[in-house]
Amino acid sequence: MAVSTMSFKPTLPLLISAFVSLLTGCNEANKLSLSERSIIYCSEGSPETFNPQLSTSGTTTDAIAKQLYNSLIVYKGQNNTLGPSLAKDWHVTRDGKKITFYLRQDVRFHQTNYFTPTRLFNADDVLFSFNRILDKSHAFHHVSGGQYPFFQSIKFDELVDKVEKINDFTVRFILTRNDSSFLANLATDYASILSAEYGEKLFIENTPHKIDILPIGTGPFKLKDYRVGSLIRFYRHDLYWQEKAKIEQLVFDISPSKTSRLTKLLAKECDVSSYPIAHEKIAERSDLLLESITSLNVGYFGFNTKKQPFDNKLVRQAISLAINKQAIIDTVYRSQAARAKSILPETSWAYDSNTPEMAYDPVRAKSLLAVAGYPQGFTMDLWAMPVQRAYNPNAVTMAKLIQADLKKIGVKVKIVSYEWSTFLRRLSLGEHQSFLLGWNADNPEPDNFFTPMLSCSASENGNNRTFWCNKEFDQLLQKALKTTNMSKRKSYYAQAMAIISEEVPLLPIAHSKRFQARGTDVEGDILSTFGGISFYQASKTKLTSEPHNLAKPDKSKKVSN
Amino acid sequence: MLTFTLRRISLFIFTMLVLTLLSFSLSFLFPGDTVINHSGQINATASELVQLNKAYQMDKSIVDQYGAYLTHILNGDFGQSMASQSPIRNEIIELLPATIELSLVALLIAMVVGIPLGFIAAINHNKASDNVILSLAMLGYSIPVFWLGLLAILVFSIGLGWLPSAGQISLLFEIEFVTGIQFIDILLSDSPYKWQAFSNASAHIILPACVIALAPATIFIRLSRAAMIEVLAASYIRAARAKGLSFQQIIFRHAIRNALIKIIRHVGLQFANLVTIAMVTEVIFSWPGIGRWLIESIYQRDYTAIQSGLLVLSCFIFIIHILTDFIYAALNPLARGNQHGS
């Protein structure tokens, strides 16, 4: 109360001078100096943690991974090939079981007001980061819950026998078997490198949990301030081992409401906005840019191959031929998705352009149905997922379109939907006949699409809800994982895709896009096809200059930092 | 003046007692356990619950319970927020200054705009300009604030891009929290961007403050018009005119000063109205004040926060009310002798 009474009098002259300063119009020109060197990003939610090892949520990964941390290796270039990052080089033995990383010797960790590093990045940090995940007796394993969802899903602890320090700047991973997706997994945002020195310091101070709240990494930005539900403030890491970031300050304005993100974007209170609504409105403004990137995901229409009538390949083919995918893409995705020809997106290196596609052909569909023994059609149920996902923004509408398409060939569709967790549980019990679902890739490794979705093992205890199991297909996937010869792998995956096209356990519908809106004064790539966003390359031009780059840049070919 | 002060202080104390009684009884009326509603500790363990029951003397009579509750309030312990589990006292200290700042700026705008317009209307009594001002005032008073706020954002932020639509200041500026009044904190900070921050904060306050100010400004127009008409009809004005004073001398030397005193009495009353409008406006403009916090608490069924928020807000309004009474009494010796209070 004292504040209110005391402040009354001094405030008045201040307020008056505030308005005077406004009226004299001295504000905009000077403000540029700070705003030119900073970017405000309207994000959709608060991160759960500041350690990417602990979460697979997109919001968390976007906020922290590429801003604060680096991995040993990264995906680089147009074809998403692996390139050096904290490891300047690596070597894989012929049997693929020993992988040696040679580390950079000039990498500095963040210096913040809660930690000052005394040494450069070295092998101890790599050991610390991975042993935290692998070693259940590690001092930090159980800090913050002991759950490492990404590494648990790929069974990392079964794959890696141990991590050895050869010398200060050489580390060797010893694997229990050959697995060509290992390097891909190390290049994800989740395999970030933490500081062992910081860990020791916190351990001595008996505050180990701070390692996941007050982060220290090697990335292009360092954490300055975080207020839950309000903002995250990053400063540039001036001693970054690569060229330093172009902006000095990065602020995440946490705005969960879609409309408030739009308002802030239109009112220029944020420079970049995540998942914008009202695409048409943004597109018609000359000072804003709507950009999109085809993510590595797929939305599909799956069949339960263990149930009548979908145990018959001909029925599956007939149904697939009857579906007008383009109409679905125009309606459900508002034309903002690529038509899926196979489960693998065309941006993947393993995509084979010769893969046959089930094109829309209702006449052939009807004749196939007659051959299969259903000239009068039949009645089926279609399970539509109740939630929105990037790969399927509206499953119920999609189900209605499919219903209309199938009616033309005499098949009656009953649409079924449950609450999300019930839906997933009943789906895993195989109660469905057909379903609409999708898959988001964690890394560009093509195996990430095949094995979890369609392998025999996934049909027993995984995500394969078609319950389709094809020995030949599984063998191709195994062969592709055992070799590192890219052209051989590509041919194996091409054969695998051909089998899917022939057998149709599921019908891939679309690879959807991820959207982002920004002011035309913000330059540089932010989105990437997989993994979190990165502001490392982003910069700002003067607001006063005319928007000069109105053409949509091609975002599908992204260089990770 | 002494009796006047004592009378006001006793009025303040008794009103506060009634208010605390009200907020105390809310804990019983809200669903859930009374002691948890008092303290906000929804995750309390069994042993903590025993302690809480003891601290709030739940085993004793209702009078003792009220006494214990009052002691907590007087010690500044409002319990903790059920939603965020942080002490409500800290949240209020962080948020209340922002509301005070916004309300005072809005009050200032309302007075600066409303009072002169009312005077002009009164001086031109029953002429065209009087009617125009009065109809504008009627129109302004009839516009609902949530609609006006959205309209202002649509036009000035999105359409014209002149003024920002959300928050107190651009997030780029880091202003350390000292008093919570943004403008003072900016001046106290040693940021190299102090003056940019200052003008940025000024730009942020204009829209919400003007939206809040509209309704009170129209009331000030009518109040000042009525006061001026009354003063102009008074015998001392006629006497001044008879003595040959010019029109300007009469207005500026005699009429305005006497009319202003009548208006000041109503400022306190209008302030309560203004804070209510400010609460809705804070939600629209994402202003980090106590009004938005209170409305969010209602959404989240955060009973402890609702209870304490109401108490603090009404206490704040009451203090402003008493302050204006004092100013009025200081300016107008006649009011001090009033035997029946006001």
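This is a predicted model: local features need pLDDT of at least 70, side-chain atom pairs count only at pLDDT 80 or more; totals for chains, interfaces and linings use all residues.
**Nonpolar cores**
- The largest nonpolar core has 81 residues, and Leu250(A) is among those with the most contacts inside it, together with Ile39(A), Tyr41(A), Leu72(A) and Phe535(A).
- Helix α4 of chain A, residues 123-134, gives this core its largest share, five residues.
- A second, separate core has 78 residues, including Ala121(B), Phe173(B), Ile205(B) and Ile290(B).
- In soluble globular proteins, nonpolar side chains tend to be buried together.

**Chain A overall**
- Chain A contains 19 helices and 20 strands.
- Of its 561 residues, 46% count as buried.
- Among contacts in chain A with a separation of 6 or more, 70% come from residues 24 or more positions apart.

**Helices α18 and α19 of chain A**
- The axes of α18(A) (residues 471-482) and α19(A) (residues 486-503) come within 9 Å and cross at roughly 160 degrees.
- Because of that angle, α18(A) is roughly antiparallel to α19(A).
- Their crossing is left-handed.
- On the α18(A) side, Glu472(A), Phe473(A), Leu476(A), Leu477(A), Lys479(A) and Ala480(A) take part, meeting Arg489(A), Tyr492(A), Tyr493(A), Gln495(A), Ala496(A) and Ile499(A) in α19(A).
- By class, this contact has eight nonpolar, three charged and one polar residues.

Conventions. Residues are numbered from 1 along each chain as its sequence is written. Chains are lettered from A and ligands numbered from 1 in the order in which they are written. Axes are lines fitted to C-alpha atoms, for helices over the stretch in contact, and angles run from 0 to 180 degrees between N-to-C directions. Helices (H or I, at least four residues) and strands (E, at least two) are DSSP runs, numbered from the N terminus. Angles under 35 degrees count as roughly parallel, over 145 as roughly antiparallel, 65 to 115 as roughly perpendicular and the rest as oblique. A crossing is left-handed if the near helix is turned anticlockwise from the far one by less than a right angle, and right-handed if clockwise. Two residues are in contact if their C-beta atoms, placed from the backbone, lie within 7 Å. Ala, Val, Leu, Ile, Met, Phe, Trp, Tyr, Cys and Pro count as nonpolar, Asp, Glu, Lys and Arg as charged, and the others, Gly among them, as polar. A residue is buried if 20 or more other C-beta atoms lie within 10 Å of its own, exposed if 12 or fewer, and partly exposed in between; C-beta atoms are placed from the backbone. A nonpolar core is a set of buried Ala, Val, Leu, Ile, Met, Phe, Trp, Tyr and Cys residues joined through C-beta atoms within 7 Å.
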